[in-house]
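Thank you all for making time this morning. I would like to walk you through one structure, going from the overall fold to the sheet and then to the ligands.

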Amino acid sequence: MTMEVTVPGPVLERTLAAIGPADQEAMRLARAHQDNLTKPRGALGVLEEVAVRLAGAAGACPPPPPSPAALAIFAADHGVHAQGVSPWPQEVTTQMVANFLAGGAVANAFAAQVGASVTVVDIGVAADLPAAPGLVVRKVARGTADLSLGPAMTSAQAVAALEVGIAVAGELIAAGAACLITGDMGIANTTASAALICAFTGQDPAVATGRGTGVDDATLDRKIAIIRRGLQVNGITGTTGGGADPDGTERGADPADAAEALRRLAAVGGLEHAALAGFILGAAAARVPVILDGVIAGSAALAACALSPAAVEYCVAGHRSAEPGHALALDHLGLRALVDLELRLGEGTGALLAYPLVGAAVRVMHEVATFDSAGVTDKNTQTAAG
Ligand SMILES: Cc1cc2ncn([C@H]3O[C@H](COP(=O)(O)O)[C@@H](O)[C@H]3O)c2cc1C
Ligand SMILES: O=C(O)c1cccnc1
């Protein structure tokens, strides 16, 4: 094997080794506790599952309140932008970073609404950004290479970006964050997202590709063709098919294999996708829940969970984006989105809106009376007793 991706960085290796499965006993206790609360069993629907999930993640019942929450917006540019896959000029990435720092983006408004902090990370913006409070400069490259011509990133760049994501998660958690929220900014990143979704789920670009910021029919067709070419050029032919390295050696083509997962992430992902995957892995290693935003986060989560399947236990799908690939990614991960408001923005906006639901689900576990404590007759106990 000639692939350098078989040598992940030490931080990534340590993080992967630190990720354990959800705590089954805490989940069992959480389910039992839900059933003792003064409400018909199951009446809180999906929120009960969220509370149980957070108990499993924390290894505690009730789980700790997911507060305070911290949003990290990873910003980067994309070489594939040159193929005309987005109607927006590339400099909008840089301009939006300035907007986040000035507090003027939708993500800022939603973060203020739900009480989340905002950190902006330059993981690969093409331009130089002036230093500013709230901006973390960890530039791995000035954007990716064009994924339709060859690998978007070298494996070293992908690992470096993964490790920045891990570090940012660790820093936010060390500063007190009890819940992480994913955010992204990168013109053309819905193209890389759809390519990743194809690479990790085996779906065809025709079904996984969406209109992103709102491309017309002709641009959508081009986007699909570009993604198809990118998968081909990078030797990604399906989730189970074989393949060979350029030197002719057989490579493991199963994306569930960590080295192949890293290769696919580097081949068609963006720097923000790699950083987001690291961010998710960092949350999982610290047993802190992470609320996923839309299609960019969903595609990054596919890479994270290919590297460490247990990481999914620490993820909550905040919302379902209007991008068709997002639902495919969530299905593959076995995650159910909390809200569906037909958002197609990114930045962390959908995850921020879901955050109060996660907080409410956990508050129930701490504050709602049990049938015993409130003196309310439990029909289930009564029936069981006679
Ligand atoms: C003003 C503006 C603000 C945004 N905030 C997030 N995105 C979102 O749109 C981009 C992806 O769409 P595409 O692949 O079609 O370029 C990403 O930057 C994403 O974060 C924005 C896009 C624009 C134009
Ligand atoms: O799903 C998303 O987060 C999304 C969709 C379109 C454009 N930008 C982001």
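This is a predicted model: local features need pLDDT of at least 70, side-chain atom pairs count only at pLDDT 80 or more; totals for chains, interfaces and linings use all residues.

Helix H4, residues 91-102, lies across strand S1 (69-76), strand S2 (116-124), S3 and S4, and its direction makes an angle of about 155° with that of S2.

Stepping back to the whole protein chain, we find 16 helices and six strands. The radius of gyration is 21 Å, close to the 21 Å that the globule rule gives for 386 residues, so the protein chain is as compact as a globular protein of that length. Along the principal axes, the C-alpha trace spans about 70 × 50 × 40 Å. Of the 386 residues, 54% are buried, and among contacts with a separation of 6 or more, 77% are made by residues 24 or more positions apart.

Now to the sheet, where the six strands are arranged in the order S3-S2-S1-S4-S5-S6, with parallel pairing, and the sheet is open. Its edges are strand S3 (135-137) and strand S6 (315-317), each of which pairs on one side only. From one strand to the next, the twist averages 30°.

In other words, eight of the eight residues of S1 are buried.

As for the partners of S1, eight bridges link S1 and S2 in the parallel sense, and in that pairing Phe74 stands opposite Val121 in S2. Toward S4, which also runs parallel to S1, there are seven bridges, with Ala70 standing opposite Leu180 in S4. Continuing across the sheet, strand S4 (residues 179-185) pairs with strand S5 (residues 290-292) over two bridges, again parallel, and here Ile181 stands opposite Ile291 in S5.

That brings me to the ligands. Ligand 1 has 17 residues around it, of which Ser86, Thr190, Gly212, Thr213 and Gly346 come nearest. The elements that give two or more residues to this shell are H4, S4 and helix H7 (189-201), and H7 provides the largest share, three residues.

Ligand 2 is surrounded by 13 residues, the closest being Gly294, Val295, Ser321, Arg344 and Gly346. Here the shell divides into three nonpolar, seven polar and three charged residues.

Why does Ala303 count as buried? It does so because 27 C-beta neighbours fall inside 10 Å. Leaving aside residues up to four places away in sequence, Ala303 touches Leu196, Phe200, Ala261, Leu265, Gly269, His273 and Ala277. By contrast, Ala322 is 19 residues away from Ala303 along the chain, and the C-alpha atoms of these two are separated by 21 Å.

Conventions:
Residues are numbered from 1 along each chain as its sequence is written. Chains are lettered from A and ligands numbered from 1 in the order in which they are written. Two strands pair if DSSP finds at least two bridges between them. Helices (H or I, at least four residues) and strands (E, at least two) are DSSP runs, numbered from the N terminus. Axes are lines fitted to C-alpha atoms, for helices over the stretch in contact, and angles run from 0 to 180 degrees between N-to-C directions. Two residues are in contact if their C-beta atoms, placed from the backbone, lie within 7 Å. A residue is near a molecule or strand if its C-beta atom, placed from the backbone, lies within 6 Å of it. Ala, Val, Leu, Ile, Met, Phe, Trp, Tyr, Cys and Pro count as nonpolar, Asp, Glu, Lys and Arg as charged, and the others, Gly among them, as polar. A residue is buried if 20 or more other C-beta atoms lie within 10 Å of its own, exposed if 12 or fewer, and partly exposed in between; C-beta atoms are placed from the backbone. The radius of gyration is taken over C-alpha atoms; the globule rule is 2.2 Å times the number of residues to the power 0.38.
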